[in-house]
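Open the model in a viewer that lets you select residues by number. The stops below go from one selection to the next.

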Amino acid sequence: MSETLPASPANEVLRLEQVRKAFNIGTPLETEVLHGIDLRLNRGELAALIGPSGSGKSTLLNLIGLLDTPSSGELYVLGQATRDSDDEARTHIGLDGGGDS
């Protein structure tokens, strides 16, 4: 059985800080679907994302998978902020140096 490594910046794989996601921003139909999500996952940890239909699970996974960007807040992958990264940089986040050592 493997043990979870202690929380430290070197062991951090994913961190979300006050991540919010809204759609139709600036219109009467503006809808915020993620409301200030904070999350930290370290190497060796497992997590399950559960919730009812329409609760934002797919939206959160799209953000974590770097397929979309948050309306506000910051998402870090392997300690690297992703919010202002262009598509090419986002493609390489996690590929460069993301393997087990």
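Two strands pair if DSSP finds at least two bridges between them. Helices (H or I, at least four residues) and strands (E, at least two) are DSSP runs, numbered from the N terminus. This is a predicted model, in which local features need pLDDT of at least 70 and side-chain atom pairs count only at pLDDT 80 or more, while totals for chains, interfaces and linings use all residues. Residues are numbered from 1 along each chain as its sequence is written, and side-chain values use heavy atoms, with hydrogens and water left out.

**Stop 1: the sheet**

Select the strands. They form an open sheet of 4 strands in the order S2-S1-S3-S4, with antiparallel pairing. S2 and S4 (80–81) stand at the edges with a single partner strand each, so one side of each has no neighbour in the sheet. Strands of a sheet pair through backbone hydrogen bonds, either parallel or antiparallel.

Now show S1 and S2, an antiparallel pair with 8 bridges. Valine 19 is opposite isoleucine 37 in S2. Which residue of S3 stands opposite arginine 20? Serine 72 does. Select leucine 16 as well: its bridge partner in S3 is leucine 75.

**Stop 2: helix H1**

Select residues 57–64, which make up H1. Thr59, Leu60 and Leu63 are buried there (buried means under 20% relative accessible area, exposed over 50%, partly exposed in between, with a 1.4 Å probe and protein chains only). Seen down the axis of H1, the buried residues fall within an arc of 100 degrees, so they line one face of the helix; the arc is that of the directions from the helix axis to the C-beta atoms. These buried residues pack against S1 (12–23), S2 (31–42) and S3 (72–77), where contact means heavy atoms within 4.5 Å.

**Stop 3: the largest pocket**

Select Leu14, Leu39, Leu41, Ala47, Ala48, Leu49, Leu60, Leu61 and Ile64, which line the largest pocket. On a 1 Å grid over the protein atoms alone, a pocket is an open set of points with protein on both sides within 12 Å along at least five of seven lines, and lining residues have an atom within 4 Å of a point. The space in the largest pocket is about 170 Å³.

Which element gives the largest share of the lining? H1 does, with 3 residues. S2 and H1 each supply at least two residues. Colour the lining by class: 9 residues are nonpolar, with no polar and no charged ones.

**Stop 4**

Most residues other than glycine have a negative phi, and most peptide bonds are trans. Go to leucine 66, in the loop between H1 and S3. Its phi is positive, near 60 degrees. Leucine 66 is buried, with a relative accessible area of 14%.

Move to leucine 78, in the loop between S3 and S4. Leucine 78 has a positive phi too, of about 55 degrees. Is leucine 78 buried or partly exposed? At 29% relative accessibility, leucine 78 counts as partly exposed.

End at threonine 82, in the loop between S4 and H2 (87–92). Threonine 82 is buried, with a relative accessible area of 1%. Not counting residues up to four places away in sequence, threonine 82 touches Leu66, Glu74, Leu75, Val77, Arg90 and Ile93.

Notes: 1 Å grid on protein atoms, 1.4 Å probe; cavity = no way out; pocket = protein on both sides within 12 Å on 5 of 7 lines; lining within 4 Å. Points joined across faces, edges and corners; volume = space filled by probe spheres on them. Nonpolar A, V, L, I, M, F, W, Y, C, P; charged D, E, K, R; others polar.
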